[in-house]
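Take a look at the protein below. We will walk through its rings and charges, one stop at a time.

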Amino acid sequence: MGKVYLTGAGPGDTELLTLKAARVIKEADVIIYDRLANPDILQMAKDGCRFVYVGKEDGKHILPQDEINEVIYKMALENDVVVRLKGGDPFVFGRGGEEGLYLRERGIDFEVIPGITSAISVPAYAGIPVTHRGISVGFRVITGHEAPNKEFSQIPWQNFKTDDTIVFLMGLHNLKDIAKKLIEIGKPKDFPVAVISKGTTPKQKVVTGTLEDIYERAKDLETPALIVVGKVVELKEQLEWFEN
Ligand code: SAH
């Protein structure tokens, strides 16, 4: 029986891969990867390494999660080094926890190799620090996947009245409703928002605006994209570096 490495690939820029991730990718007999993991990383693999694509296309899974779990398990029965490569960090909306539980139940050994999550690095490449002295004392990373107008929401919308930075992942298609909901709970209409598409890559696009106009401004952006809500967005003008 082999060992599975639940490995973070970082947000896009291949140089944001950790040394540990690079090591196991070079040793891998099989790499099971997602759409969000930059495919350039696969070129680091040794000759004869097998690649298995189980990614998502715009929210639609090619394979349902339980089948992905089973693929990883089967690969671990037949190979020594199995790398499960995921965009960003495997435990930040990466379902790495579910995969770990599945393997543990079946007695398969695994390690987690954290990755640089898009939640922090993508804003950073746009010149937006998620915390800043005097402006934001903390940040939250929230799923934007759940429709904000859902009757029974798991998301504590009422807690978002504070000025902490909020980073929504998987929220581009709900952008209009997320902005509306935040205005409804009492945030000012002119509260700053940024939407960043394909962050840390040469195709990075950043659109800034307010809760009131961000949808109109950002509606042509492509996935993957994340939403940053907070006064830290205003620092972009001075801290922007990547696009320069
Ligand atoms: N585990 C990943 C997140 C997976 S959820 C991580 O830690 O980064 C997928 C969401 O991540 C996307 O919908 C998008 O909101 C965000 N995302 C990932 N890569 C991104 C990128 N390069 N630019 C902008 N958003 C990105």
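Start with how surface exposure is judged: a residue is buried under 20% relative accessible area, exposed over 50%, and partly exposed in between, using a 1.4 Å probe and protein chains only. E105 has a relative accessible area of 64%, so E105 is exposed. This is a predicted model, where local features need pLDDT of at least 70, side-chain atom pairs count only at pLDDT 80 or more, and totals for chains, interfaces and linings use all residues. Residues are numbered from 1 along each chain as its sequence is written, and side-chain values use heavy atoms, with hydrogens and water left out.

Now step to R106. Helices (H or I, at least four residues) and strands (E, at least two) are DSSP runs, numbered from the N terminus. R106 sits in the loop between α3 (96-105) and β7 (109-113). Its relative accessible area is 31%, so R106 is partly exposed.

What does the side chain of R106 contact? It makes a polar contact with the side chain of E105, at 3.2 Å. A polar contact is a pair of N or O atoms within 3.5 Å; within protein, one must be able to donate a hydrogen and the other to accept it, and residues adjacent in sequence count only if both atoms are side-chain atoms. Side chains of opposite charge can pair when their charged atoms come close. E105 and R106 also form a salt bridge, with the closest N and O atoms 3.2 Å apart. A salt bridge means a side-chain nitrogen of Lys or Arg within 4 Å of a carboxyl oxygen of Asp or Glu.

Next, the aromatic rings. Rings of Phe, Tyr and Trp (its six-membered ring) pair if their centres lie within 6.5 Å; planes under 30 degrees apart count as stacked, over 60 as edge-to-face and the rest as tilted. How many aromatic pairs does this rule give? The count is eight. One of them joins Y73 and Y102: the ring centres are 6.4 Å apart and the planes stand at 75°, so this pair is edge-to-face. Y73 belongs to helix α2 (residues 65-78) and Y102 to helix α3, so the pair ties together parts that are 29 residues apart in sequence. Both Y73 and Y102 are buried.

A second stop is Y125 with W241. Their ring centres lie 4.7 Å apart and their planes at 65°, so this pair is edge-to-face. The pair links distant parts of the chain: Y125 is in helix α4 (residues 118-125), and W241 is in the segment after α7 (236-239), 116 residues apart. Is Y125 buried or exposed? Its relative accessibility is 12%, so Y125 counts as buried. W241 is partly exposed, because its relative accessible area is 44%. Together with F242, Y125 and W241 form one aromatic cluster.

Back to charges. A search of the whole structure finds 15 salt bridges. One of them joins E27 to R23, with the closest N and O atoms 3.5 Å apart. Both lie in helix α1 (residues 19-27), four residues apart, which is about one turn of the helix. E27 is partly exposed at 33% relative accessible area, and R23 is partly exposed at 39%.

Another salt bridge pairs D163 with K231, the closest N and O atoms being 3.0 Å apart. This pair links distant parts of the chain: D163 is in the loop between β8 (139-143) and β9 (165-169), K231 is in the loop between β12 (225-229) and α7, and they are 68 residues apart. D163 is partly exposed at 32% relative accessible area, and K231 counts as partly exposed at 35%. Elsewhere, salt bridges that share partners join D34, R84, K86 and E99 into one network.

Finish at D109, found in strand β7. Its relative accessible area is 46%, so D109 is partly exposed. Which residues does D109 touch, not counting residues up to four places away in sequence? They are G2, K3 and V4, where contact means heavy atoms within 4.5 Å. D109 and G2 are 107 residues apart in sequence and 7.3 Å apart in space, C-alpha to C-alpha.
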